[in-house]
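Please look at the sequence and the structure shown here.

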Amino acid sequence: MSSSDEILQPRNSDTLPIATQFSQVIRAGLPLETGLHALAEQTKSHRTRVALLELSQRLERGEPLEEAVTKAESGLNRQMKTLIVAGLECGRLDSTLQYGIDQAQRTASLRTQIWLGLSYPIFLFWFSTLICGFILTVVVPQLGSVFNDLDVNTPLMTSGLLSVSGFFSKFTWLPWFILIAGGLAGLAAIISAGLFGWGRRWATSLPLIGRSFRLASLMDFCQILSLLTESGLPFSRALHFAGEASDDPWLTRKCDRMIKSLQEGATAEEAAIKIQFPSTLCQAFRGVSSSSAFVDSMRGLADIFAAQSQVTLTVANGMIAQLAIYVVLGCAGFIGGILFATLIHLLRSMTG
């Protein structure tokens, strides 16, 4: 691949439009290489056009679709690629790919809600840092010079605040660097969790909101497992694809360990209990032998996990917003209290 192709490598955010166009070609019954080439010519996005043309060229060279999708910089994320491979294996590529598109839209909506809810507390933290930086670098040094001019002993807490202010005064760029870097880091976290796979994966480890992401992954897992099982794929293969497509390393590892236990002779329920899957999933795995009942139970669990994810999101955003307000008020009250006590001490010294 040329250097220009590497520069134009599609972002993870290109997955949805590429997958949608891919699905349109399949539904129209057109040869994939011809249909993808035609769509590439009509696509406005240069990145998407390059991705579709590369995939079309690989298919024209005779590469199997599974190999072409896996190897090409097609702009499809791991979940979509896994679903395409699974759809080819079970003979239901159209419905599997369409599910991936629908699920990508739902997941994008959920993540947007999460990060929009976090934007307010992030702004509060950033604004409080700005105010504290201004006080420490502008207000407190002037107060210190007043004490020096009047030759008045300062209270202990005031001396500590003056020492901190003196440290920042020596490096006037430091607090502003921390402020700007902190704001950029928060923005990068929001963007990475919304656009890139690695960002979405680390998001599950975040306090409070991480559980909402984890529940969303479990929702994906149950939906994909029900779809592939209904398509007639053997349970172990469906489990493998569902774990890979979940885009959650924790869930992928659990599925790999469960498959290993199944190969050693354990039942689905025993294997799920052994690897410490959620109890609701363990109970649902009892019905693996009955395909229709298992599919219904997986879809029911997906709805439950989706509802729990929304509730967890609402509670977490409320707690984070309250925590942000308490931190801002606490910092402002602490510094303001010290300054007020200092002024009282100064007035008493002058009148005494």
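The model is a predicted one. The protein contains 16 helices and zero strands. Of its 352 residues, 43% count as buried. The accessible surface of the protein amounts to about 17,900 Å², and carbon and sulfur atoms account for 62% of that area. Among the contacts between residues at least 6 apart in sequence, 63% join residues that are at least 24 apart.

Attention may now turn to one pair of helices. Two packed helices are described by the angle between their axes and the distance between the axes. Helix α6, residues 78-90, packs against helix α12, residues 235-245, at an angle of about 160°, and their axes lie 8 Å apart. Angles over 145 degrees count as roughly antiparallel, and α6 and α12 are therefore roughly antiparallel to each other. The crossing of α6 past α12 is left-handed. On the side of α6, the contact is made by Arg78, Gln79, Thr82, Leu83, Val85, Ala86 and Glu89, while α12 contributes Arg237, Phe241, Glu244 and Ala245.

Gln276 is located between α14 (268-274) and α15 (279-284). The phi angle of Gln276 is near 65°, a positive value in a residue other than glycine. Is Gln276 buried or exposed? The relative accessible area of Gln276 is 62%; exposed means over 50%, so Gln276 is exposed.

Methods:
Residues are numbered from 1 along each chain as its sequence is written. This is a predicted model: local features need pLDDT of at least 70, side-chain atom pairs count only at pLDDT 80 or more; totals for chains, interfaces and linings use all residues. Side-chain values use heavy atoms; hydrogens and water are left out. Helices (H or I, at least four residues) and strands (E, at least two) are DSSP runs, numbered from the N terminus. Buried means under 20% relative accessible area, exposed over 50%, partly exposed in between (1.4 Å probe, protein chains only). Contact means heavy atoms within 4.5 Å. Accessible areas come from the Shrake-Rupley method with a 1.4 Å probe; for residues, only the protein chains shown count as cover. Axes are lines fitted to C-alpha atoms, for helices over the stretch in contact, and angles run from 0 to 180 degrees between N-to-C directions. Angles under 35 degrees count as roughly parallel, over 145 as roughly antiparallel, 65 to 115 as roughly perpendicular and the rest as oblique. A crossing is left-handed if the near helix is turned anticlockwise from the far one by less than a right angle, and right-handed if clockwise.
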